[in-house]
Structure formats: structure tokens, C-alpha cells
Amino acid sequence: MEAKKISDGLSVSPQISADDIKEIARLGFRSIICNRPDGEGSDQPTFDEITKAASDAGLETRYLPIVSGKVTDQNADEFGSLLGALPGPVFAYCRTGTRSATLWSLSQASRLATSEILRATKAAGYDMGGVVRRIVNGGKTPTDQADAKYDVVIVGGGAAGISIASSLQARSAGLQIAVIDPADIHYYQPGWTMVGGGIFDASTTAKTMGSLIPKGVHWIKSAVAAFEPKDDAIVLDGCRVVKYGRLIVCPGLKLDWNAVDGLVDTLGRNGVTSNYRYDLAPYTWELVSSLREGTALFTQPPMPIKCAGAPQKAMYLSADHWQRSDVLNRITIEFCNAGGVLFGVKDYVPALEKYIDRYGVGLNFFHNLVAIDGTAKKAWFDVIKPGEDVQRIEKSFDMIHVCPPQVAPDFIRVSPLADAAGWVDVDQATLRHKTYANIWSLGDVMNAPNAKTAAAARKQAPVVAENVIADIDGKSAVAQYDGYGSCPLTVERGRIVLAEFGYGGTLLPSFPKWLIDGTKPSRLAWFLKEKLLPPIYWKAMLRGKEWLAKPEKVSVK
């Protein structure tokens with residue numbers, strides 16, 4: 001936690017945790033304003049968690065969530081009103097502190113001289129030059145002039161973003177490339193299943209973003225506010241403008257925790273957990289390793305979600321631990337799936353069904369989690385069977401592993417790049433935008449009908465890199481994506497069903513059947529997941545080494 005003083009009445013900060021509240025109170029602050037929407041980041045505590053800790057410390061809190069880069073005049077007025085009404089001094093925070101500083105700057109525009117606003121925010125480490133430009137331009141950011149311009153701009157520094165940056169650099173070292181991402185930490189998210197199963201330590205799944213951005217690639221540590229593709233421009237949080245020759249969009253997706261009523265109030269306590277958040281995966285293992293009897297629920301929301309097998313991976317590893325601990329016969333396990341099948345590719349279902357029988361799992365299809373009361377240990381599901389009326393049922397639990405509903409990030413859904421469902425609209429073979437010829441997308445945010453996995457991004461990055469370089473050289477697309485995705489289903493500790501498939505459920509195994517038969521549980525596949533995939537991710541995929549990921553060439557008819 002870092003309090004950056006802007007005025008006698010206000011300091012701002014990047015994201016805080018509940019553990020920071022005592023220090024905030026000790027420093028003399030009397031109120032806290034949260035300007036970051038819940039669910040914006042996978043490592044982000046909810047506002048309710050902050051509020052509870054603040055209440056215990058005698059601090060007042062207010063929630064004024066601002067979508068990154070979408071600070072309106074009304075938001076600024078509301079922020080100014082809060083500053084006037086709350087006990088001071090006030091502590092405000094968002095992801096980086098920029099939104100809070102921007103709100104203050106706009107709220108003070110009629111009270112303070114521009115020079116005073118700029119001096120105060122600059123002293124705190126925030127550049128409000130773009131905000132001033134917006135004010136004098138009638139509330140709009142002019143995109144005909146840029147603060148910076150690059151040959152290629154990549155939005156998102158996750159698995160897809162850093163991989164494509166490295167792949168491009170390997171093909172053309174002279175390209176001016178920028179990666180836009182405000183996060184300080186990069187996560188190996190496929191490892192969180194193993195953290196929740198007591199196999200990996202959470203710290204091994206995180207590295208600093210700065211250590212992973214390829215040398216020579218510019219890192220713009222900011223959030224994207226808006227896209228202006230007609231001007232080949234991106235507006236950043238704080239209203240700076242970045243122009244591009246080619247744009248690659250891969251910011252991942254948004255975990256919509258608030259879509260389940262009551263969920264944010266109880267995450268991380270009362271037996272409610274999720275491997276979809278870095279700080280909660282260790283709590284999964286804490287619950288699993290301590291449970292000796294009772295009911296364990298595992299949920300899966302409607303598609304699309306990140307790694308469709310992850311909800312049941314957590315279930316299998318938990319059940320295997322209970323079986324090894326000789327308590328499985330005292331624990332009732334239920335899998336509540338909003339869909340109608342155990343797994344979307346039928347070839348892998350028989351092997352999974354054997355483990356469902358082995359662990360005595362109750363399968364509940366068409367069950368969508370809609371509400372939860374952690375204190376009462378109750379969850380409610382809408383049962384939506386085809387051709388039948390919706391029924392709401394109640395289930396009790398001792399522990400529940402929740403997979404949250406997932407959507408495209410807000411700044412993508414409202415952009416001209418999105419399709420009707422909010423995902424970036426691309427050609428599923430070339431991954432080029434259907435409307436804007438100098439824009440491509442990969443990873444979880446685009447709308448091709450493939451599994452949203454890191455393994456998919458590993459195959460997509462070389463395809464996009466080949467096609468971007470071809471476009472720079474004045475050529476048509478030269479590579480195509482076959483929809484490859486991989487889901488190592490951890491059915492027990494030491495064995496994995498290695499699902500590898502492409503568009504339409506076509507099996508696309510990476511290894512000969514005599515070595516790894518992906519339709520059957522395999523010890524070698526477990527070795528691959530536990531020992532080989534993490535270093536392959538950190539040392540190969542993110543560094544542009546395209547092992548087993550050679551792009552398929554576009555067929556010429």
C-alpha cells in the first residue's frame with residue numbers, strides 16, 4: 001500500500017488489500033473511496049472485503065466504481081461531493097490510482113488553477129496532461145494527435161500478449177512494439193488448479209510483469225479507455241493517445257463475481273472458494289485438506305469460460321485427496337453444471353465418467369448458480385432444462401468451489417471492435433478483425449469458437465505473428481488457426497486425461513497414441529502438467545520459442 005498525497009484532504013493509491021486497512025487508519029485517514037469495479041482483476045479483493053476491514057478499524061467507506069478510462073462529468077461531481085461529505089482526510093484507490101487522481105482533477109477544475117492541479121498530481125506521480133486536454137476540448141479527447149506511436153501495439157500483457165510480442169520480435173527485430181497493461185504481476189493461471197490441489201505453491205505462479213516483457217518492447221503501464229480504429233488510435237486511462245500501425249487485442253476476459261448474488265460477500269470465507277483467483281486457490285486447499293465429512297459442491301456457469309475443464313479439475317483433485325485420506329465415504333460431492341454435458345468433446349467423456357463413478361459424484365446438469373449465502377451455508381441454483389420452466393432450488397454445503405460467470409472486459413464490450421455478444425470479432429482462421437484490416441485478436445477475448453486456454457494462445461500467437469508480418473510486407477494472410485486447445489484434466493493426483501482438440505471437437509493430439517493416449521488417464525500427462533508445462537510456459541512460450549506450435553499455412557485452392 002502506497003498513499004500518494006494530492007491535497008491535505010486526499011491521498012490516492014493503487015489497489016489495496018484488507019490487510020492494509022489498519023495501516024491506513026494508523027496514518028490518520030478517516031474515510032476510504034473505492035474507484036475500482038469489483039471483478040476487474042483476478043487478484044483483486046472485493047469492496048465488501050475492504051468495507052468489513054474498514055468498519056472494524058472505524059473508517060467510513062464509499063463505492064464509486066469507474067470503468068477504466070470512462071470518467072464522466074457526473075462521476076467527477078459525485079467524487080467532489082464525497083470529498084465534501086466524508087470525514088477527512090480521505091484515502092481513494094483504484095487499480096493504479098490514476099482513476100482516483102483523474103476524478104480529483106476534474107472535480108477541482110472549477111476551483112483550482114490548471115497549473116495547481118497539474119503540480120499536485122505530478123508530485124503524486126500522476127500525469128494529468130490528458131485530462132486538461134479533455135477539459136479544454138469540450139469533454140472529448142482529440143485522437144488526431146498522439147502522445148506516442150508504434151508499429152505494433154498489443155493490448156494485454158497476459159499469456160497471449162507477451163507471447164505475441166516475443167513471436168513478432170523473433171520475426172522482425174526492428175519493429176517498434178508496445179504492450180499496454182497496467183498490471184504489476186503476471187500470473188501462470190493454469191497452475192492455480194494445482195495450487196488448489198495442494199501440489200503447487202501459489203507464489204510459483206506469479207512473476208513481475210517487468211521481468212517478462214521482452215527486451216526492446218515498450219511497456220505502457222496503463223489501462224485502455226477506448227478504441228478509435230478509424231484513427232488507428234487508442235485512448236488510455238488518463239486520456240493519453242497512442243497510435244498504431246497494427247493493433248493486437250488480447251486483454252483476457254472478466255470474471256463476473258457480481259453476477260452471483262451474495263458471492264462477493266463471502267468469497268474466501270465460510271467455506272466459499274474458487275481456483276479462479278490467485279489469493280483464493282490456497283483457501284481451496286485449506287478447505288479440502290481439513291474437510292472430514294459433509295457436502296462439497298462444485299459449480300460451472302454457462303459457457304464461455306476460461307478453461308472449461310477447470311471446475312471439474314478442482315473436484316477430481318479434491319475427491320482424490322479425500323479418498324486417499326479415507327474420508328470420501330463421509331463426503332457428498334455434487335457437480336452443478338449449467339450445461340448439459342460433462343465435457344464438450346465426447347471422446348473424453350467415458351474416461352471422466354469412470355472417475356465420476358469412482359468418487360461417487362452426483363451430476364446435476366442445467367444447474368446454474370445464481371445466489372449464495374455463505375454464513376447460512378446455502379446456495380441457490382436455477383434449473384433450466386430444455387423445454388421446461390425454470391425452477392429455483394436450494395442446496396446446503398460445507399464447502400463450495402465456485403467458477404464465476406465470465407464476460408469480455410467492459411472496455412471491449414462497449415468498443416467498435418466487439419460483436420453483439422461483446423467479444424472481439426475476428427475471422428476464426430486468420431484471427432484478423434472482420435471489419436478493421438490492421439487489427440488482430442487472440443486469447444480469451446476473441447470470438448472464435450475454440451476453448452479459452454493458455455494452450456490455445458500458445459498456438460494462436462505464431463499464427464497472428466506470421467499474418468501481421470505478412471501484412472507489413474504487403475502480403476495476404478499466410479497462416480491459419482485450427483482451433484487447437486488443450487485441457488489437462490487432473491482426474492487424480494498422478495494421472496491426467498490430456499484433452500487436445502480443435503474446431504468442431506476434432507482431436508488434435510500433440511503426441512503419438514502409444515506415448516500418450518489423451519482419451520485415457522496417463523501418468524506421463526501428469527508429469528507433463530506438473531514438471532514440464534510451467535518451465536515451457538515461462539521459458540519458451542513467453543519468449544517466442546514456438547515448440548510444437550508451428551503455424552499451419554493457409555491452403556491455396
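**Reading aromatic pairs**

Guide: Begin with two residues, F343 and F501, which are both buried. Keep in mind that this is a predicted model.

Visitor: How is a pair of aromatic rings described?

Guide: In general, a pair of aromatic rings is described by how far apart the centres are and by the angle of the planes. In this structure, a search of the whole model finds 14 aromatic pairs. In one of them, the ring centres of F343 and F501 are 6.0 Å apart and the planes stand at 80°, so the pair is edge-to-face. This pair links distant parts of the chain, 158 residues apart: F343 is in the loop between β17 (331-337) and α12 (349-359), and F501 is in strand β27 (residues 495-501).

Visitor: What is the arrangement of the rings of Y481 and Y503?

Guide: Their centres are 5.7 Å apart and their planes are at 75°, so this pair is edge-to-face. Y481 lies in the loop between β25 (479-480) and β26 (485-492), while Y503 lies in the loop between β27 and α15, 22 residues apart.

Visitor: Are Y481 and Y503 buried or exposed?

Guide: Y481 and Y503 are buried.

Visitor: Which residues form one aromatic cluster?

Guide: The cluster is made of Y187, W192 and Y278.

Visitor: Which residues form a positive surface patch?

Guide: The patch consists of K207, K539, R543 and K545. Of these, K539 is located in helix α15 (residues 523-539).

Visitor: Why is K539 called exposed?

Guide: The relative accessible area of K539 is 53%, and exposed means over 50%.

Definitions and conventions: Residues numbered from 1 in each chain as written. Predicted model: local features only at pLDDT ≥ 70, side-chain atom pairs only at ≥ 80, totals over all residues. Heavy atoms only, no water. Patch = residues over 30% accessible without salt bridge, like charges linked within 9 Å, V, L, I, M, F, W, Y side chains within 5 Å. Areas by Shrake-Rupley, 256 points an atom, 1.4 Å probe, with all protein chains shown as cover. Salt bridge = Lys/Arg side-chain N within 4 Å of Asp/Glu carboxyl O. Lys, Arg positive; Asp, Glu negative; His and termini not counted. Charge placed at Lys NZ, Arg CZ, Asp CG, Glu CD. Helix = DSSP H or I, 4+ residues; strand = E, 2+ residues; numbered from the N terminus. Buried < 20%, exposed > 50% of the residue type's maximum accessible area, 1.4 Å probe, protein only. Phe/Tyr/Trp six-rings, centres within 6.5 Å; stacked < 30°, edge-to-face > 60°.
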